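Hi everyone, thanks for coming. Please have a look at the sequence and the model, and then I'll walk you through a few parts of the fold.

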Amino acid sequence: RLLSPEDRLRIETAIAAAERETEGELAVVVVQACDAYAFVPMRLGVLLAALVLLAMVAAGGEVPAMALLGGQALALGTGLLLGRLPAVKRHLVSEAVQDARVGERARRAFAEHGLQRTRRRTGILLFVTLLEHRVVVLADEGIHRALGPGERWEDVVALILDGIRSGRAADGLLAAIARCAAMLAKHLPPAPVAEDEIRNLVVLED
């Protein structure tokens with residue numbers, strides 16, 4: 001797990017503190033992967049089986065049929081096993097496919113957790129996916145209208161990624177939440193009567 005129960009409590013507390021400074025409504029969602037990429041094990045297995053066949057034929061001499069079949073079966077099985085490993089999937093799936101899957105999953109999470117239903121359209125999602133090594137910040141239209149032309153989410157993404165790479169994912173998320181609050185406080189100060197429209201979410205999904 002990327003976050004311990006104690007980490008989740010710290011992050012939920014930080015979200016509550018940030019929402020006292022701004023009208024933005026934040027949620028954090030961490031998923032293991034945005035897709036099963038089920039085609040990877042079979043594709044890798046077939047590729048390894050083909051390479052074994054070519055190697056055995058190129059070696060010269062007559063190769064018994066059972067040896068050919070056995071070698072290909074072993075290669076296929078190895079590919080099916082290796083293709084299940086997250087690191088292997090990440091390297092065998094194109095960047096474009098990963099980007100598309102991550103974008104789809106982040107948009108679905110935004111809708112699933114009600115971030116598009118705030119009164120002034122001020123929902124913000126910090127979305128982290130472990131297999132693809134991606135961080136996405138999604139903000140509703142009320143946030144985009146409020147931000148200045150030079151204000152972007154790159155700093156928020158960088159804070160989260162730096163925390164994960166250094167083994168301090170919770171600290172990275174805490175810094176990112178604080179950065180969001182600082183960006184929004186001057187544009188979207190809290191309403192006179194604060195209303196917590198979205199539960200302070202930290203969601204961990206398989």
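The expected span of a helix is 1.5 Å times one less than its number of residues. With that in hand, take helix 8, residues 169–185: its 17 residues reach 24 Å from the first C-alpha to the last, close to the 24 Å expected at 1.5 Å a residue.

Before going further, a word on where this comes from. This is a predicted model, in which local features need pLDDT of at least 70 and side-chain atom pairs count only at pLDDT 80 or more, while totals for chains, interfaces and linings use all residues. Residues are numbered from 1 along each chain as its sequence is written, and side-chain values use heavy atoms, with hydrogens and water left out.

Back to helix 8. Which of its residues are buried? Here I mean buried as under 20% relative accessible area, with exposed over 50% and partly exposed in between (1.4 Å probe, protein chains only). The buried residues in helix 8 are Ala169, Ala170, Gly172, Leu173, Leu174, Ala176, Ile177, Cys180, Ala181, Met183 and Leu184. They pack against helix 1 (5–19), strand 1 (25–31), strand 2 (123–129), helix 6 (141–146) and helix 7 (154–165); contact, by the way, means heavy atoms within 4.5 Å. Alanine 178 also lies in helix 8, but with 46% relative accessibility, alanine 178 counts as partly exposed.

At what angle do helix 1 and helix 8 pack? The angle is about 5°, and their axes are 9 Å apart. Axes here are lines fitted to C-alpha atoms, for helices over the stretch in contact, and angles run from 0 to 180 degrees between N-to-C directions. So helix 1 is roughly parallel to helix 8; the cut-offs are under 35 degrees for roughly parallel, over 145 for roughly antiparallel, 65 to 115 for roughly perpendicular, and oblique for the rest.

Who meets whom? On the helix 1 side we have Asp7, Arg10, Ile11, Ala14, Ile15 and Ala18, and they meet Ala170, Asp171, Leu173, Leu174, Ile177 and Ala181 in helix 8. The residues of this contact divide into nine nonpolar, no polar and three charged. For that count, Ala, Val, Leu, Ile, Met, Phe, Trp, Tyr, Cys and Pro are nonpolar, Asp, Glu, Lys and Arg are charged, and the others, Gly among them, are polar.

Helix 1 itself has 15 residues and reaches 21 Å from its first C-alpha to its last, close to the expected 21 Å. Its buried residues are Asp7, Ile11, Ala14, Ile15, Ala18 and Glu19. They cover an arc of only 130° around the axis, so they sit on the same side of helix 1; the arc is that of the directions from the helix axis to the C-beta atoms. The cover over them includes strand 1, helix 8 and strand 4 (201–205). The face turned away from the buried side of helix 1 carries the exposed residues Pro5, Glu6 and Leu9.

Now compare helix 2 (39–58). Helix 2 has 20 residues and reaches 29 Å, close to the 28 Å expected. Val40, Pro41, Leu44, Gly45 and Ala49 are its buried residues, and they cover an arc of only 160° around the axis, which puts them on the same side of helix 2. They pack against helix 3 and helix 4 (86–92). On the other side of helix 2, Arg43, Leu54, Val57 and Ala58 are exposed. After helix 2 comes glycine 60, with a positive phi near 85°.

Finally, some loops. Tyrosine 37, in the loop between strand 1 and helix 2, has a phi near 45°, a positive value in a residue other than glycine. Is tyrosine 37 buried or exposed? Tyrosine 37 counts as buried, at 1% relative accessibility. Arginine 121, in the loop between helix 5 (95–112) and strand 2, also has a positive phi, near 55°, but counts as partly exposed at 29% relative accessibility.

Key
Helices (H or I, at least four residues) and strands (E, at least two) are DSSP runs, numbered from the N terminus.
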